[in-house]
Amino acid sequence: DPVVTARNLSKVYGRGDNAVTALDSVDVHIARSRFTAIMGPSGSGKSTLMHCLAGLDSVTSGTIHLDGEEISAMSQRRLTKLRRRRIGFIFQSFNLVPTLTAEENITLPLDIARVRVDRERFDRVVETIGLRDRLTHRPAELSGGQVQRVACARALVGSPAVVFADEPTGNLDSRSTDQVLSILRSSVDEMGQSVVMVTHEPDAAAWADTVIFLRDGRVVAEMNQPDRDRVL
Ligand code: ADP
Ligand code: ADP
């Protein structure tokens with residue numbers, strides 16, 4: 001069964017003459033333990049869809065379920081708690097805390113949520129990001145690609161139901177881009193992680209199992225892995 005389901009989801013910003021329909025009756029199923037990419041031109045609603053699915057943004061109408069639980073009707077308080085414990089985030093601009101080491105940055109969300117760090121999971125995630133010898137370094141001592149790999153580890157370490165990544169490779173050179181996408185791919189293949197990535201780069205979307213295409217706030221196509229080499 002899907003890890004996240006959106007039914008008849010609409011999101012309108014503003015009201016009256018200024019109203020902008022960012023999402024228009026969208027139905028989306030995010031498959032469990034798969035890598036899903038959301039693609040589309042600028043302004044097509046990618047960020048809005050991700051923010052709604054992740055419980056960061058309220059919906060105008062429709063429903064969103066995470067693991068069978070309706071999040072579209074939750075109070076802000078419950079939603080904040082759910083996000084802290086069940087959802088991992090990787091943002092292009094989500095900088096690490098400069099005064100903390102890589103390891104402290106990775107475990108920070110768990111420390112804030114007062115969740116004990118599972119050392120086995122931590123070791124596995126550090127193995128996957130391949131930065132064991134950088135754990136005591138602070139962000140200023142890491143390259144941009146290494147910083148983003150630490151951000152991946154931070155999103156993965158709590159074994160969230162879903163990791164949401166918003167243009168995670170937007171600021172990276174091609175080598176760092178491949179490293180980040182390979183981490184996301186491995187988290188799916190080796191840890192059964194469910195991952196959702198927003199991107200406008202076809203080369204990045206090619207790493208996903210499923211690509212959902214948005215245009216003008218609607219889902220216009222969905223493509224699964226067997227077709228992906230042929231189409232992209
Ligand atoms: P994308 O991520 O694909 O570029 P967005 O989800 O950011 O698309 O935006 C979809 C539409 O909603 C665009 O027309 C955008 O201008 C509009 N929009 C996004 N956020 C807001 C906001 N906070 N207030 C008003 N309009 C918004
Ligand atoms: P992206 O499309 O890469 O996510 P944008 O530049 O479209 O980035 O949006 C950046 C931020 O501004 C987002 O938080 C978005 O919700 C908000 N935003 C986008 N369009 C509008 C708008 N027309 N009015 C107000 N806020 C907007």
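Q: Which hand is the crossing of H4 and H6?
A: Right-handed. Keep in mind that this is a predicted model.

Q: How near do the axes of H4 and H6 come, and at what angle do they cross?
A: They come within 10 Å and cross at roughly 135 degrees. That makes H4 oblique to H6, because an angle would have to be over 145 degrees to count as roughly antiparallel.

Q: Which residues meet there, H4 side and then H6 side?
A: From H4, Arg121, Arg124, Val125, Thr128 and Ile129. From H6, Ile183, Ser186, Glu190 and Met191.

Q: And by class, how does the contact of H4 with H6 divide?
A: Four nonpolar, two polar and three charged residues.

Q: What about H3 and H4, how do their axes cross?
A: H3 covers residues 102-112 and H4 covers residues 119-129. Their axes come within 12 Å and cross at roughly 125 degrees. That makes H3 oblique to H4.

Q: Right-handed or left-handed?
A: H3 passes H4 in a right-handed crossing.

Q: Who touches whom between H3 and H4?
A: Glu103, Ile106 and Thr107 are the H3 side. They meet Arg119, Phe122 and Ile129 of H4. By class, the contact has three nonpolar, one polar and two charged residues.

Q: Ile129 came up again. In which H4 contacts does it take part?
A: Ile129 is listed in the contact with H3 and in the contact with H6.

Q: Switching to confidence. What is the mean pLDDT of the protein chain?
A: It is 93, and 97% of the residues reach 70 or more.

Q: What ipTM and pTM does the predictor give the complex?
A: An ipTM of 0.72 and a pTM of 0.88.

Q: Backbone next. What is the phi of Asn8?
A: Positive, about 50 degrees, although Asn8 is not a glycine. Most residues other than glycine have a negative phi.

Q: Where does Asn8 lie?
A: In strand S1, residues 4-13.

Q: What about the phi of Glu167?
A: Also positive, at about 45 degrees, and Glu167 is not a glycine. Its place is in the loop between strand S7 (162-166) and helix H6 (174-191).

Q: Is Glu167 buried or exposed?
A: Buried, with a relative accessible area of 11%. The cut-off for buried is under 20%.

Q: How many residues of H1 are buried?
A: Six of the eight, so H1 (residues 46-53) is largely enclosed by the rest of the structure.

Q: Which ones?
A: Lys46, Thr48, Leu49, Met50, Cys52 and Leu53.

Q: What follows H1?
A: Gly55 does, and its phi is positive, near 70 degrees.

Q: Last topic, Val195. Where is its place?
A: In strand S8, residues 195-198.

Q: Why does Val195 count as buried?
A: Because its relative accessibility is 0%, and buried means under 20%.

Q: What does Val195 touch, leaving out residues up to four places away in sequence?
A: Arg34, Phe35, Thr36, Val163, Leu184, Ser187 and Val188.

Q: What separates the C-alpha atoms of Val195 and Arg114?
A: They are separated by 24 Å, with the two residues 81 apart along the chain.

Technical notes
Residues are numbered from 1 along each chain as its sequence is written. Chains are lettered from A and ligands numbered from 1 in the order in which they are written. This is a predicted model: local features need pLDDT of at least 70, side-chain atom pairs count only at pLDDT 80 or more; totals for chains, interfaces and linings use all residues. Side-chain values use heavy atoms; hydrogens and water are left out. Axes are lines fitted to C-alpha atoms, for helices over the stretch in contact, and angles run from 0 to 180 degrees between N-to-C directions. Helices (H or I, at least four residues) and strands (E, at least two) are DSSP runs, numbered from the N terminus. Angles under 35 degrees count as roughly parallel, over 145 as roughly antiparallel, 65 to 115 as roughly perpendicular and the rest as oblique. A crossing is left-handed if the near helix is turned anticlockwise from the far one by less than a right angle, and right-handed if clockwise. Contact means heavy atoms within 4.5 Å. Ala, Val, Leu, Ile, Met, Phe, Trp, Tyr, Cys and Pro count as nonpolar, Asp, Glu, Lys and Arg as charged, and the others, Gly among them, as polar. pLDDT is the predictor's confidence in each residue, from 0 to 100. Buried means under 20% relative accessible area, exposed over 50%, partly exposed in between (1.4 Å probe, protein chains only).
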